[in-house]
Amino acid sequence: MNTMARKTLASAMALLFALSASCSRGPAGRQLTVAGSTSVQPFADRWAEVFMEKHPGLAVNVQGGGSSAGIQAAKSGAAQIGMSSRELKLDEMDLTEIVVARDGLAVIVHPASPLRNLTLQEVKSVFSGEIRNWKILTGQDREIDVVTREEGSGTRGAFQELVMGKGKRISNRAIVEDSNGTVREIVSNDPFSIGYISLGLVNDRVRALSLDGVTASEDTILKNEYPLVRPFLFLTRGPAAGPAREFIDFVLSPEGQDLIRQEGLIPVTAGSPPSGSERRHE
Amino acid sequence: MNKLDRNERLVKLALLVLAFSAVAVLAVITVFIFSEGTPIMFRHGLGKFLFGSDWYPSENSFGLLPMIVGSLFVTFGALVIGVPLGLACAIFLTEFSSPRLRRVLKPVIELLAGIPSVVYGFIGVVILVPFIRTTLGGPGLSVLAASIILGIMILPTIISISIDSLQAVPRSYREGSIALGTTRWQTTRMVMVPAARSGIIASIVLGMGRAIGETMAVIMVAGNAVAIPGSPLSPVRTLTSNIALEMGYASGEHRQALFATGVILFIIIMILNTIATASSRRKGGKGKNSR
């Protein structure tokens, strides 16, 4: 009885905390709060680390929470910069977006799988549940274990947009995991599974498939050949100013872009000036 | 004397305030969850919410049926595994084992309750899931895996409360039965267990509450697919996992829909809680009469 009441309480408290966290405001002063996508977060951490070494007076506070939370935070002013790994929806277009990096999405299978290449159409059919058996793809008579991300995830949003398109849904029979890491973990253990993760996180425990004959690599992404590329966005309410501006300028500088290239991301094309990649929706 | 009296009153008042603050927190949470969660249920229609099987929050389609069914399946599976094991263990420890063995085993079993659920989940992912995948097929992340893990997690609840209620049966019952020439097993089956029945039922309901409320371990081993599972080897998503999985990313209606998930969970747990209270109250009444 007692433990149950506590249990109810605990889950309710968790909900409360989630809400209060999304409402809390960062303290004023020389402080910069950057919040949002967990896909962008590790790279923003890296930027913040180097940036703070150069600007000792300015504290950059990087928080996760997800793309939607980041967009929300930028809108409400809870964070000066929101991070998103998916494109904005229509009702979110009042924010200024800056593409700070690009990331490939890799479709991954177990290293022991004989599969090397799929067409985008095949990937779509597998994830929508039209192809349920490996037979026509690899000859193995075994059901496909499709692994996807949860609703609201930026990675899922990008995959939906780039592969599934408007009309097709990811099958509701697909296994759902809540991070790139767990998707990779499951695929690396299950020889009959298929999933998708950020290209920068592919390691030798999984195999990234080539799509329509194009291997997934930085090279093919820079040549605009690889089809699954998503932008990493910084979002501000109105044009960035003050500390936010300084941080974004650093991020877009050759030094900032070099940092994330070392971490496996694709820099925004060096040719265009930083302000050129800034878009303002009205 | 007067001073003592005043102290007494002060202590009483302080305790009263403290007691009410705990209740107030519960009240605030209840009001909050319901005020956040119920509007969307009525906006989209209660029937669609409870019996719709499409959960695609990005397309404003919020059907909770797969999660409600999922929670019930997983909880039922946990009971199928946990109840026979737990009861057998409780009966053995009270009726058949030596007191010394019981003194060692009971604390060890209660220790099971102290293991964090994420550890159960991790063991499940590393050992149980691959085992199910290779021996029984399917992705391994399944109703079965979640049921087994939860079945083990509810053991301490079932065992310790059942032991307490078996031990609370008056000595004269057992002695009377044995005096009639029954065997130990006959005494257990026909006298002890029926006499302790309400306590045993309470232990099962409490275990059920624990199983339905568990989140972390279930997320790790259940696979979380939003479809009504077709077999014990299919992946499944529970109500609690639904909230925990999507909470971080949800905004707008999606977030309200997660609160609505909380409302349904709240109602289910309240019902279970009431049953548990009612059955343990009955036990208290019986005990008084028999004494």
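Student: Which residue in E7(A) is the bridge partner of A:Arg149?

Tutor: The model before us is predicted. In it, E6(A) and E7(A) pair in the parallel sense, and 3 bridges join them. Within E7(A), the bridge partner of A:Arg149 is A:Glu177.

Student: Through which helix does the chain cross from E6(A) to E7(A), and what is the handedness of this crossover?

Tutor: The two strands pair in the parallel sense. The chain passes from E6(A) to E7(A) through helix H6 of chain A, residues 154–164. This β-α-β crossover is right-handed.

Student: With which residue of E8(A) does A:Asp145 form a bridge?

Tutor: Strand E6 of chain A also pairs with strand E8 of chain A, residues 193–198. That pairing is in the parallel sense and has 2 bridges. The partner of A:Asp145 in E8(A) is A:Ser193.

Student: How many of the residues of strand E6 of chain A are buried?

Tutor: One side of E6(A) carries A:Asp145, A:Val147 and A:Arg149, and the other carries A:Val146 and A:Thr148. Both of these faces are covered, with all of the named residues buried. Strand E6, residues 145–149, is thus described as mostly covered, and the count of buried residues is 5 of 5.

Student: Strand E4 of chain A pairs with E11(A); how many bridges join them?

Tutor: E4(A) is itself mostly covered, for 11 of its 14 residues are buried. It runs antiparallel to strand E11 of chain A, residues 229–236. One position in this pairing sets A:Glu97 opposite A:Leu235. The number of bridges between E4(A) and E11(A) is 8.

Student: Which residue of E9(A) is the bridge partner of A:Val109?

Tutor: A:Val109 has a bridge partner in E8(A), namely A:Ile194, and E4(A) is joined to E8(A) by 5 bridges in an antiparallel arrangement. E4(A) also pairs in the antiparallel sense with strand E9 of chain A, residues 207–208, over 2 bridges. In E9(A), the bridge partner of A:Val109 is A:Arg207.

Student: Why are the buried residues of H7(A) said to be on the same side, and what arc do they cover?

Tutor: The buried residues of helix H7, residues 180–189 of chain A, are A:Asn180, A:Val183, A:Arg184, A:Ile186 and A:Val187. They lie on the same side of H7(A) because the arc they cover around the axis is only 165°. Among the elements that cover these residues are E4, E6 and H6 of chain A.

Student: Is A:Thr38 buried or exposed?

Tutor: A:Thr38 is found in the loop between strand E1 (31–36) and helix H2 (41–54) of chain A. Leaving aside its neighbours within four places in sequence, A:Thr38 is in contact with A:Gly64 and A:Gly66. A residue is buried if 20 or more other C-beta atoms lie within 10 Å of its own. Because A:Thr38 has 23 C-beta neighbours inside 10 Å, A:Thr38 counts as buried.

Student: How far apart in space are A:Thr38 and A:Ser179?

Tutor: Two separations may be stated for this pair, one in sequence and one in space. In sequence, A:Thr38 and A:Ser179 are 141 residues apart. In space, C-alpha to C-alpha, the distance is 8.5 Å.

Student: Which element gives the largest share of the side of chain A that touches chain B?

Tutor: In all, 32 residues of chain A are in contact with 38 residues of chain B. The elements of chain A that give two or more residues to this side are helix H1 (2–23), helix H3 (67–76) and strand E7 (175–177). By class, this side has 11 nonpolar, 12 polar and 9 charged residues. The largest share, 9 residues, comes from H1(A).

Terms used. Residues numbered from 1 in each chain as written. Chains lettered and ligands numbered in written order. Predicted model: local features only at pLDDT ≥ 70, side-chain atom pairs only at ≥ 80, totals over all residues. Contact = placed C-beta atoms within 7 Å. Helix = DSSP H or I, 4+ residues; strand = E, 2+ residues; numbered from the N terminus. Nonpolar A, V, L, I, M, F, W, Y, C, P; charged D, E, K, R; others polar. Buried ≥ 20, exposed ≤ 12 C-beta atoms within 10 Å, placed from the backbone. Pairing = 2+ DSSP bridges. Right-handed = clockwise from strand over helix to strand, strands pointing away. Arc of directions from axis to C-beta.
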